[in-house]
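Good morning, colleagues, and thank you for coming. Please look at the model on the screen while I take you through it.

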Amino acid sequence: MKIIAIGRNYAEHAKELGNLVPKETVFFMKPETALIKNNQDFYYPDFTNDLHYETEFVVKISQVGKNIQEKFAHRYYDEVTMGIDFTARDLQRKCKEEGLPWEVAKAFDGSAPVGKFVSKEKFSDINNINFSLKMNDSLRQQGNTGEMIFSIDKLIAYVSRFVTLKIGDLLFTGTPAGVGAVKVGDHLQAFMEGENLLDFYVK
Ligand code: MG
């Protein structure tokens, strides 16, 4: 499986990092070794001094697809959850300055904790789901899937022009404003419509 992650998909977040609001979808990938499941601890890596959380709505692909039309994209995913797109912001800054790929900042082991999956049928409108992140019991990020610049179905259509989607692949759909640094000992909890789906510690 692979993880496809979208960059700059919420206008306020693009602005907080000093980026322009994109006209075209930005995506990158993380390997399977980035996954952390079952609320296991995340270990702070030794190659960064500025590790940021990015809370993201995550979609699990349920059918193989290539060149998927936007109007059919909803047939290609059945479950959703919350995930963290951990980012070594110091390394990413350097990559951006030098025009280099982002893998060292985004694709490292453990950089993609994902929560418990729930059926999308639980929700009446996939484009109106509230989610949030609490760190050490204080609210850090809040978003709604309706605030995405490119909707989930648009993302699936776009990405599948370039990359065949396979069963079990995960799509991280971008983070809203409010990203910030974590440190050892922090407790992260991500919620979807109030339900705690992801809950882990930084060690
Ligand atoms: Mg992200």
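Helices (H or I, at least four residues) and strands (E, at least two) are DSSP runs, numbered from the N terminus, and two strands pair if DSSP finds at least two bridges between them. Before I go further, a word on the source: this is a predicted model, in which local features need pLDDT of at least 70 and side-chain atom pairs count only at pLDDT 80 or more, while totals for chains, interfaces and linings use all residues. Residues are numbered from 1 along each chain as its sequence is written, and side-chain values use heavy atoms, with hydrogens and water left out.

Strand 10 and strand 14 (residues 187-192) run antiparallel and are joined by 5 bridges. In general, strands of a sheet pair through backbone hydrogen bonds, either parallel or antiparallel. Which order do the strands of this open sheet follow? The order is 11-10-14-15, a sheet of 4 strands with antiparallel pairing. Strand 11 (138-144) and strand 15 (195-201) are the edge strands; each has a single partner strand, so one side of each is left without a neighbour in the sheet. From one strand to the next, the twist averages 15°; for this, axes are lines fitted to C-alpha atoms, for helices over the stretch in contact, and angles run from 0 to 180 degrees between N-to-C directions.

I turn now to the aromatic residues. Over the whole structure, a search finds 9 aromatic pairs. Rings of Phe, Tyr and Trp (its six-membered ring) pair if their centres lie within 6.5 Å; planes under 30 degrees apart count as stacked, over 60 as edge-to-face and the rest as tilted. Tyr 10 and Phe 131 have ring centres 6.4 Å apart and planes at 75°, so this pair is edge-to-face. The pair links distant parts of the chain, 121 residues apart: Tyr 10 is in the loop between strand 1 (3-7) and helix 1 (11-16), and Phe 131 is in strand 10 (residues 130-135). Are these two residues buried or exposed? Both Tyr 10 and Phe 131 are buried, where buried means under 20% relative accessible area, exposed over 50%, and partly exposed in between (1.4 Å probe, protein chains only). Together with Phe 57, Tyr 10 and Phe 131 form one aromatic cluster.

Two rings also have a charge over them, which requires NZ of Lys or CZ of Arg within 6 Å of the ring centre and within 35 degrees of the ring normal. Lys 60 lies over the face of Phe 117, 4.2 Å from the ring centre. The charged end of Lys 120 sits over the ring of Tyr 77, at 4.4 Å from its centre.

The next topic is the metal site. Which residues coordinate the magnesium ion? Glu 54 (OE), Glu 56 (OE) and Asp 85 (OD) do, at 2.0 to 2.1 Å. Donors are N, O and S atoms within 2.8 Å of the metal (3.2 Å for Na, K and Ca); water is not among the atoms, so sites may look incomplete. Along the chain, the donors follow the spacing E-x1-E-x28-D. Glu 54 is buried, at 4% relative accessible area, and Glu 56 is buried at 0%.

A salt bridge is a side-chain nitrogen of Lys or Arg within 4 Å of a carboxyl oxygen of Asp or Glu. Asp 85 forms one with Lys 30, with the closest N and O atoms 2.8 Å apart. This pair links distant parts of the chain, 55 residues apart: Asp 85 is in the loop between strand 6 (77-84) and strand 7 (87-88), and Lys 30 is in strand 2 (residues 26-30). Both Asp 85 and Lys 30 are buried. A network of salt bridges links Lys 30, Glu 54, Asp 85, Arg 89 and Lys 106.

Glu 195 forms a salt bridge with Lys 116, the closest N and O atoms being 3.3 Å apart. Lys 116 lies in the loop between strand 8 and strand 9 (118-119) and Glu 195 in strand 15, so the pair ties together parts that are 79 residues apart in sequence. Lys 116 is partly exposed, at 48% relative accessible area, and Glu 195 is partly exposed at 26%.
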